[in-house]
Amino acid sequence: MKSYIVNKNVVRYEFGKPIETYSVIEKGVSESDIEFKYFQLNLGEEIKLKYNMGKKDIVYGLGENIRGINKRGWIYESFCTDDPNHAPDKKSLYGAHNFFIVDGEKKFGVYIDFPSKIIYDVGYEKKDKLEITIEGKDADIYIINGETVKEIVQNFLKIIGKGYVPPKWAFGYIQSRWSYPTEEAVESLVNEFIERDIPCDGICLDLDYMDNYKDFSLSDERFPNFEEVTRRLKSKGVKIIPIIDAGVKIEDEYDIYEEGIENDYFVIDKDRKPFVAAVWPGKVHFPDFLNKDARKWFGKKYKCLIDKGIEGFWNDMNEPAIFYSENGINDAYRNIDELRTKELNIDSFFKFKDVVLGLSNSMNDYKGFYHKTENGIVNHYDIHNLYGFNMTKAAAEGFEEIDSNKRFLLFSRASFIGAHRYGGIWTGDNCSWWEHLILNMKMLPSINMCGFIYSGADTCGFGSNVDPELAIRWNQLSIFAPLYRNHSSMGTRNQEPFAFDEYTEKTIKNIIKFRYAMIPYLYSEYMKAINSSDMLIKPLSFEYNDEFVSQIEDQLLVGDSIMIAPVYEPNKSGRYVYLPEDMLLWKVKKYTSKDFDVINKGHNYINLDLNEFAVFIRKNRMFVYGEPAQNTELLNNETLNVLAFVADRAEYDLYDDDGISKEYLLGEHSNLNITITLEEDKHTIVVKNSGNNKVKELLVTIITAEGKIITEKVNV
């Protein structure tokens with residue numbers, strides 16, 4: 001073991017010869033002699049760490065995973081997994097995010113930079129033991145220190161680099177479904193949003209736009225006028241966002257396949273032949289995204305769609321998902337042939353089921369192909385968690401070469417820490433279950449901790465059939481997540497806002513309009529989180545410290561000014577909330593609502609009808625919002641509303657930039673500083689404007705600690 005000082009708060013411990021994952025940008029180079037703290041260490045063919053947890057210790061983190069914000073009591077596996085059934089007994093989902101914090105008498109963070117399987121037993125076998133098994137002997141382990149959990153997160157985010165910034169239009173509402181089958185259906189869908197006055201900025205295209213499920217191809221039958229339709233819809237303010245899958249169809253005269261074969265760009269089997277698996281198109285090869293030449297080749301392929309007017313993509317099936325492999329299906333047929341000669345009793349029947357169910361995403365398959373890297377041939381299993389990361393990186397590097405100053409929307413299903421620098425993520429194929437609504441809420445801060453600020457879940461659920469109440473309540477949460485996409489599966493009930501009864505449509509329409517009004521605040525807080533290496537969405541315990549907040553997982557802080565407490569159970573017209581300080585409750589039916597009430601610190605029950613949701617303004621904070629529009633391009637924001645809950649003094653900086661280019665990296669942005677001071681019966685409002693800010697007028701509403709309302713119009 002070697003140790004390196006990364007900075008005054010972070011030490012890296014190097015075990016063996018770790019594979020370079022490129023997840024960390026600041027690794028430390030001067031070898032030191034610092035004892036490995038906190039854990040009992042057991043080295044061999046595997047690295048094992050053991051830690052004795054105190055009774056009140058909380059374990060935060062592990063990014064995209066099941067269960068709660070506090071991870072105690074379960075076993076988690078870090079291994080990117082294509083599993084849409086996010087049941088409470090699962091151990092891994094689509095992302096592998098190996099950062100966690102122990103918060104107790106000892107307070108520290110840990111990042112395990114290792115690209116294959118890690119098992120975290122967080123008090124499952126023994127309730128007071130944290131036991132970690134790294135399936136290998138080569139890894140980097142970072143210990144991150146700080147005075148508070150918030151500071152530990154910030155120190156971690158600094159060493160992994162600033163996160164991805166999408167174009168501003170990506171903060172609008174995105175509608176998606178597998179599948180919208182034709183260009184006529186897509187254009188009709190967009191027109192319906194416009195006719196019904198429901199804001200929308202993007203329509204995701206699933207597999208049906210492709211020719212026979214082939215990447216970077218177009219169906220002449222279903223989308224014969226793709227470029228024309230794309231540009232026509234863009235003129236209406238709506239972007240088309242196509243899916244790109246990891247598997248490349250094996251087909252003669254298909255240019256992607258033939259170029260990949262010619263240049264040796266695909267992963268290989270033990271005989272050094274292209275590995276054959278199967279996904280949507282049938283038999284495929286997988287691009288070797290760990291090979292920089294293959295990555296560059298694949299990344300440039302996005303240009304064929306960008307040239308047709310596309311400005312955003314979603315990468316899917318990139319764990320990689322495998323329906324079956326050529327070897328696997330042949331073995332299955334042999335086993336089934338043997339079983340056909342027998343009477344299927346309980347033993348042979350279950351063996352038959354296991355043969356079929358074991359075809360997909362088989363560990364034997366993941367151990368059966370290889371990558372050609374700068375350091376030689378590497379078995380896929382040993383770097384499995386890097387595959388989706390490097391597909392995202394391939395796309396982002398391609399965008400950089402195609403147009404280095406333009407922001408493209410990019411989000412992925414599989415991910416590893418480090419991918420946050422290149423794109424966002426969504427949490428995969430969830431279901432239209434109330435249990436997945438609350439899971440969505442608990443995932444958001446855990447994902448933020450790992451650098452993935454641009455993230456969100458499939459609003460209303462991907463699988464199963466959503467009911468109107470769940471659709472409303474889910475939208476009331478999703479408007480606070482940067483990625484706000486309604487996505488559903490073929491064969492399920494349609495869940496566009498207008499797919500329900502009139503009451504539900506009107507309610508969801510008002511929710512979406514509130515999101516568009518809120519974009520000035522959400523975008524400002526997003527960019528401040530990126531620029532200051534901070535989280536956008538946090539648990540209460542990251543900002544407050546009292547006897548209750550560490551137990552609260554169904555209330556979240558969004559940015560610096562607001563707390564949300566969504567209703568997440570059926571047939572409820574309200575919910576209990578705990579306030580760690582006095583707050584201003586804004587009951588929202590629509591963005592013009594004026595239902596304000598000062599709620600005292602402590603336990604409270606809040607009545608919330610189905611068409612209402614709660615926004616809590618923190619003490620001495622401001623919430624800035626504008627007027628909605630049909631899409632983000634039409635947002636005016638020359639006049640903004642400021643809702644302030646002020647006991648004595650509140651200050652807010654509203655960040656903005658062009659939302660299109662990367663000029664923000666050069667400091668090109670505007671800042672509107674608003675300060676409100678209360679002294680006895682007098683108030684003062686001071687506004688300082690820097691940069692090319694388009695705001696001309698502020699409509700300020702001040703609510704005092706006593707509930708007095710003061711309104712004033714301020715020219716900027």
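Begin by selecting Asp 252, Glu 253, Asp 255, Glu 258 and Glu 262, which form a patch of negative charge on the surface. The model on the screen is a predicted one. Within this group, select Glu 253, found in the loop that runs between β17 (248-249) and α4 (255-262). Glu 253 counts as exposed because its relative accessible area is 75%, and the cut-off for exposed is over 50%.

Next, select residues 165-524, which an unreviewed UniProt entry lists as "domain: Glycoside hydrolase family 31 TIM barrel". This span is 39% helix and 16% strand, and its end C-alpha atoms are 12 Å apart.

Now turn to two peptide bonds. Select Trp 178 and Ser 179, which are joined by a cis peptide bond with omega about 15°. Ser 179 belongs to the loop between β14 (173-177) and α2 (183-195). Then move to Glu 319 and Pro 320, where the peptide bond is again cis, with omega near 0°. Pro 320 sits in the loop between β20 (312-316) and β21 (324-325).

Proceed to Ser 533, in the loop between α13 (502-531) and β30 (537-539). Although Ser 533 is not a glycine, its phi is positive, at about 50°. Is Ser 533 buried or exposed? Ser 533 is buried, because its relative accessible area is 11% and buried means under 20%.

Finally, select residues 535-620, listed by UniProt in an unreviewed entry as "domain: Glycosyl hydrolase family 31 C-terminal". The span is 0% helix and 43% strand, with its end C-alpha atoms 20 Å apart. Stop at Asn 620, in the loop between β37 (613-617) and β38 (621-625). Asn 620, not a glycine, has a positive phi of about 60°, and it counts as buried at 17% relative accessibility.

How values were computed:
Residues are numbered from 1 along each chain as its sequence is written. This is a predicted model: local features need pLDDT of at least 70, side-chain atom pairs count only at pLDDT 80 or more; totals for chains, interfaces and linings use all residues. Side-chain values use heavy atoms; hydrogens and water are left out. UniProt positions are given in the numbering used here, feature names are shortened, and annotations may be inferred rather than shown by experiment. Helices (H or I, at least four residues) and strands (E, at least two) are DSSP runs, numbered from the N terminus. Patches are made of residues with over 30% relative accessible area and no salt bridge: like charges are joined within 9 Å, nonpolar side chains (Val, Leu, Ile, Met, Phe, Trp, Tyr) within 5 Å. Accessible areas come from the Shrake-Rupley method with a 1.4 Å probe; for residues, only the protein chains shown count as cover. A salt bridge is a side-chain nitrogen of Lys or Arg within 4 Å of a carboxyl oxygen of Asp or Glu. Lys and Arg count as positive and Asp and Glu as negative; His and the chain ends are not counted. The place of a charge is taken as NZ of Lys, CZ of Arg, CG of Asp or CD of Glu. Buried means under 20% relative accessible area, exposed over 50%, partly exposed in between (1.4 Å probe, protein chains only).
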